[in-house]
Amino acid sequence: MAGQQFQYDDSGNTFFYFLTSFVGLIVIPATYYLWPRDQNAEQLRLKSLRRVHGRCLWYRLRLMKSQQSVVPTLKKAALLLGWALFIFLAYKVSTLDREYQEYNPWEVLNLDQSASVAEIKKQFRVLSLKFHPDKGGDEAMFMRITKAYKALTDEDARQIWENYGNPDGPGATRFGIALPGWIVDQKNSMLVLLVYGLAFMVILPVVVGTWWYRSIRYSGDQILINTTQLFIEFPPHLTLSSWSDCDPFEFDPRSNKEAIIRPTDNVEVPQLIRELGSIINVKKKEPPFCYPYSLKARVLLLAQLARMDVSEDLEEDQRFVVRKCPALLQEMINVGCQLTMMANSRGGFHAPRLVSIENCMKLSQMSVQGLQEAKSPLLQLPHFEEEHLRYCISKKYKVRTLQDLVSLKDSDRRNMLRFLGEEKYDEVMGVLSSLPHITMETKLQVLDDEDSSNITAGSIVTVTVTLTRKKMCEVFEKEQVAPALPEDAAAAAQADAGKNKVKGWQNKSKVTKKAAKAKKKKLTKKKPLPQQQAKGDKPKQANGNVAGNDVAVKEEDEEASDKGSESDEGEGNKDTPSEREEESDKQSDAEMDQMGGDDEQEWKALQQSIQRRERALLETKSKVTHPVYSLYFPEEKQEWWWLYITDRRDQTLVSMPYHVCTLRDTEEVELKFPAPSKTGNYQYSVVLRSDSYMGLDQIKPLKLEVHEAKAMLDNHPQWDIPDTEEEEEPDDSDGIEESEEEEEDND
C-alpha cells in the first residue's frame, strides 16, 4: 500500500515558487494603495483654486509641502524595488527545470513509440555498452536504461507501467515543503529556533500590544477617551469667554507626542498673556487648567482669534492647536447633546443649555476664520481691515453682513470700496461670489402612519429638510436682474413706496399693519357686485362725482358683476331634482377619483422615501464638499454644517444636531423628535449653522399643530360581518317566527 512522504526542497526550486507568490501578494496591493497619486492632477486642482484661495494660509502651506516633500519619491523607489524583485523571481521560476515529469521509457531509450522489440533490444545493447559501470559508465543512467528496457519488453512490468505510470508500481504520495533544507538541518536548529522565538514571541506581541494600547486611547473620531470623559463635566452655562473650562488632553505632551513644551515658553507665553489682557483667565488653580500646556493652548487660541503675531516656534504650536479645534468642538457638541437627551429622558442631573452648545458651534467658526465674536463678518474677506469698516456701515450704504455687500448694485459697491484698487476689488468679488448660499425647504410628516400630515400627541415627527447650495453670486444676480416695469407701474410703485415709507419716529410693526390693512381694502373693493346691480340697477354714487381713476375701477366692478350674474343665472336654471342629483353624483365621483389619485401619490411618495433611505444607508458619500476660504486656518477644510431644531421660547434642544458633511449641491436630511404630549400649537425653529463661516447661519420657523391621539378600536373592521350574511339572517328569523305563529294557531 502506498504511503506518504514529506520532504524538504533540497534543490530550492519549490521555495522560489513560494517566495514569488509571497512578494506578489505584498507588491500588488501596496502599489494600488501606496503609489503616489498623479501629482499633476493635484497641481491642476491647486491651480484652479489659486484665484480664490491664493491668500489662504493652508494654500501656501500646501504649495510649500508639495515642493519640499520627498515622501512620494521614497514610496516610488520602494515600490519599484519590490517590482524588480518580483520580476526577477518570476524569471527565476520560469527557468527552473521540472523535477516531476511523467515517466516515459521511450525517451529514456531514445526510441520512437513505433519501434519494434528487436529495435528496443538493439538500442538497449548499444546503451548498456556505453553506460555500464564496469566499463566506466554512469551507474544511475544504466539503472534507468535497464528499467526502461524492462518496462517495454516484460509484459508484467509493461502492464504495471501502463496502469500506474511507473514500472515499479504505485509509489508513495510525496508532499514537498517550500523551505530549503538548511532550515531544518540539525546544525542550524538553534539559530532557526532563536529567529522563530524572536519573531513570534517578542516582536509580534510587542507590535500588536503597542497598536492595541494606542487604539483604545482614542474614540472613533480620533479623540482621546480622557478628553471625552473631561467633556462629560460640561458646564451647564458655557459662554464664549469661559469656553476654556473644558481643556482637552490633546495638548498634553504626556498624552500626545505632537504637543511640545519649549524652554522659550516661559518667556513668550507670559508676554502674550500681557498683550491679551483680561480676555484670558489665568487664575484657575485646579488641574488640568493650571498646567503649563493648558495655559499655553488657551493663550495660542486666543491669539489666533485676535490675529496677533507670534514667534516662529509659537506659530508652529499655534497651528497645531488651531488644527485640532474643529474636531474637539464637534466632540464637545456630541457629548453635550447626549447629556441633554439623557437629562430629558431620565433626569437627575443638569444638562448643558442650548446657548452652551451653540457657543461651541460659534467657536468653531471663530477658530477657522480667526475672528472674535464681536468682529464683523466682512473681515473674513481679503484686504479688509478694521479701519475699512467705517465705509461700509455708513448711513449711505449700511452694509454689515456679507449678504448686504453682495446685494448692493455694482456701482454703489465700487464707490463704497474705492479704497481698494482694481486688482484687489476683483479678488474680493471673486471670494465673495464663491461663498455658499443655502436654501432650506422643510416638510413635516409622521412616517408609517395612515394620515402622515396629522401630528398626534407623542408621535414621532419627521422633518425632512432639503438643503440646496448655490454660490452667493448666482442667487443675488437673479434678484438684481428683474424684468423692467412699465412707467405707469413704476410710478405707482414709487408712490406706494413713498406712502408706506417708515418715518424715524414710527414703529415698523405699525407700518406693516397699516400696509396690510390698505392692501386688504383694495382687495375688498374688487369683489363682484350683488345680483341686483348686475341686472340693471346702477349703484348710487356719492356726490355724483367720479374721478378718472375710479372709472377704471367701476368698469372692472361692472365686468365682475356681469360674470357673477351669469353664474347666478346658470345656477338658477338648474332647479330640477334630476339635474341636481346628476350634478351631485358627478361631484361625488370626481371627489372619489381625486381621493384615489391622492392615495396613489402618497403611496408613491412613501415608496420613494423608503428607497431613498435604503440607498442612503448603503452608499457612502464623500465628505469632500467645497474648500473653505480661510485666511488663517493652517490646513484645507471642507464646508460642513450643523442642522437641528430648537424651541427658542424654552431655550431647549428639540432634535439632535445633525452634522451635514456631504452637501455639494443638494442634500436631504431627516430630523426626528417626539411630538409634545399636550395638544396645541407649538412654534419651533429649524437652525442651520456653518462650522467654518461667520454670518451665514439661518433660522427658519417651524409651526407644529398637535392633535389628540386616535382612540384604539375595540372591534377591528376586518371582523365585521358582510352584508350578504346580514341579509340572510333576518330571513331565517322570519321563518322561525312564522313557524311559531302556525304552532300557536294549531293550538
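1. Accessible surface first: the protein comes out at about 50,300 Å², and carbon and sulfur atoms hold 53% of that. These areas come from the Shrake-Rupley method with a 1.4 Å probe, and for residues only the protein chains shown count as cover.

2. Before you go further, note that this is a predicted model: local features need pLDDT of at least 70, side-chain atom pairs count only at pLDDT 80 or more, and totals for chains, interfaces and linings use all residues. Residues are numbered from 1 along each chain as its sequence is written, and side-chain values use heavy atoms, with hydrogens and water left out.

3. On the overall build, there are 25 helices and 11 strands, taken as DSSP runs numbered from the N terminus (helices H or I, at least four residues; strands E, at least two). Of the 747 residues, 32% are buried, meaning under 20% relative accessible area with a 1.4 Å probe, protein chains only.

4. As for contacts (heavy atoms within 4.5 Å), take those with a separation of 6 or more: 67% of them join residues 24 or more positions apart.

5. Leu381 deserves a look. It sits in the loop between helix 14 (354-369) and helix 15 (389-392), and it counts as buried because its relative accessibility is 2%. Beyond its neighbours within four places in sequence, Leu381 touches Leu402, Leu405, Val428, Val431, Leu432, Leu435 and Leu631.

6. The unreviewed UniProt entry lists residues 15-35, 70-91 and 190-213 as "transmembrane region"; such annotations may be inferred rather than shown by experiment. In the model, residues 15-35 are 95% helix and 0% strand, with end C-alpha atoms 29 Å apart. Residues 190-213 are 100% helix and 0% strand, with 33 Å between the end C-alpha atoms.

Terms used
Buried < 20%, exposed > 50% of the residue type's maximum accessible area, 1.4 Å probe, protein only.
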